[in-house]
Amino acid sequence: MPVEPIPCAPGGGGDPGESCCAPSIASVPLCHEDDTPLLLVLRSNCACDGAEATPPEIAGWIDPATGVFTEGPAPADTRPCGATEDGCASVALLRLCDQTDDGACTPFLRRLVVDCDGETTAITDTALDGVTPYETAGTVIDCDNCPCGPKTKTLVLCDYLTDGPTPVTQFLRTVVYDCETGEALEQTDMALDGTTPYAPVGEVGECGQCRPTPMCPTLLGLSGPETWTMPEGTESLSLTVACGPVVFTDCRGNTTQINEPGASFTWAAPPVDCRPGRLCTPLTVDVPADSAVYLNFLTPCDMGDVS
């Protein structure tokens, strides 16, 4: 039980400074000759700056019945509870709960002195610190049997204002739920400041969801003379020549002429971070007189008619 502190370095770095610590307190149950219990309070002083740790010393004793602390050694008639010549008696420590009529459960410690025949000869109740006397006010039960009351948790959710991942608004949702069934009893939505009420207007879900943007296909048949320009935001494009020649020019200015009827080309941009891909623009298709081409391309539906 002696305390050996570890020196802490002063703020800003450097060598460790002089170490300090608080004494350590512990309690040991004892009994009078009539088996009346008491708690012996032991104090361990600090062993600072490399000094040799000293044995614990007796600070005093507590009468559990009255809670009165008396300095100095325990009374002369005290001994280990249940002590016998064959040493078969024992002390058991239990963590129990005090359930009151309002449903509250208060945990506490109970020390039982058991003699050689298995009979309990003394009972001492303390708070969880093991020193402060505790008096039960309700029914003593196993803490696992405490009733489960309503629980509260606060979640950060996102209000998705459209079908895709953006635009989105983060907000706080506080949910009161039944801890046995998990059923939500009530909920309150607030802005991130925790005070301003918030009313979701879109679809509510976890933040950071992969919500693909709805894409709509468009099929065009062009006959010349005509020049077609691919819309910004196009994810994929398929070109099939009905009657050549047809000339297309990519975003780098490279020009390709296709003469063979039935020849086809396809371009597609991969999605990025759950957002639709975007083909490089500008891309144009020149259809001379007496030529024809079919175009099939995919763009976000919210772009409307891009034909």
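Trainee: Is Cys158 buried or exposed?

Mentor: Happy to start there, and keep in mind that this model is predicted. The cut-off for buried is under 20% relative accessible area. Cys158 has a relative accessibility of 4%, so this residue counts as buried.

Trainee: Which residue forms a disulfide with Cys158?

Mentor: Cys158 sits in strand β9, and the pair links distant parts of the chain, 49 residues apart. The partner lies in the loop between β12 (203-206) and β13 (215-223). The two sulfur atoms are 2.1 Å apart, and the partner is Cys207.

Trainee: What is the handedness of the disulfide between Cys158 and Cys207?

Mentor: Look at the torsion about the S-S bond. For Cys158 and Cys207 this torsion is about 105 degrees, so the disulfide is right-handed.
One more detail on this pair: Cys207 is partly exposed at 28% relative accessibility. To answer what you asked, the handedness is right-handed.

Trainee: Good. Where in the chain does the partner of Cys97 lie?

Mentor: Cys97 is joined by a disulfide to Cys143, with an S to S distance of 2.1 Å. Cys97 is buried at 5% relative accessibility, and Cys143 is buried at 17%. Cys97 belongs to strand β5, while Cys143, 46 residues apart from it, lies in the loop between β8 and β9 (150-160).

Trainee: Why is the disulfide of Cys105 and Cys146 left-handed?

Mentor: These two cysteines are joined with an S to S distance of 2.3 Å. Cys105 lies in strand β6 (residues 105-114) and Cys146 in the loop between β8 and β9, so the pair ties together parts 41 residues apart in sequence. The disulfide is left-handed because the torsion about its S-S bond is about -105 degrees.

Trainee: What is the order of the strands in the open sheet?

Mentor: The open sheet has 4 strands, with antiparallel pairing. Its edge strands are β7 (120-126) and β8 (139-141), each pairing on one side only. The twist averages 40 degrees from one strand to the next. The order is β7-β6-β5-β8.

Trainee: Which residue in β8 stands opposite Cys97?

Mentor: Strand β5 (residues 90-99) pairs with β8 in the antiparallel sense, over 3 bridges. Cys97 lies in strand β5. The residue opposite Cys97 in β8 is Ile141.

Note on methods: Residues numbered from 1 in each chain as written. Predicted model: local features only at pLDDT ≥ 70, side-chain atom pairs only at ≥ 80, totals over all residues. Heavy atoms only, no water. Pairing = 2+ DSSP bridges. Helix = DSSP H or I, 4+ residues; strand = E, 2+ residues; numbered from the N terminus. Axes fitted to C-alpha atoms, helices over the stretch in contact; angles between N-to-C directions. Disulfide = S-S within 2.5 Å. Buried < 20%, exposed > 50% of the residue type's maximum accessible area, 1.4 Å probe, protein only.
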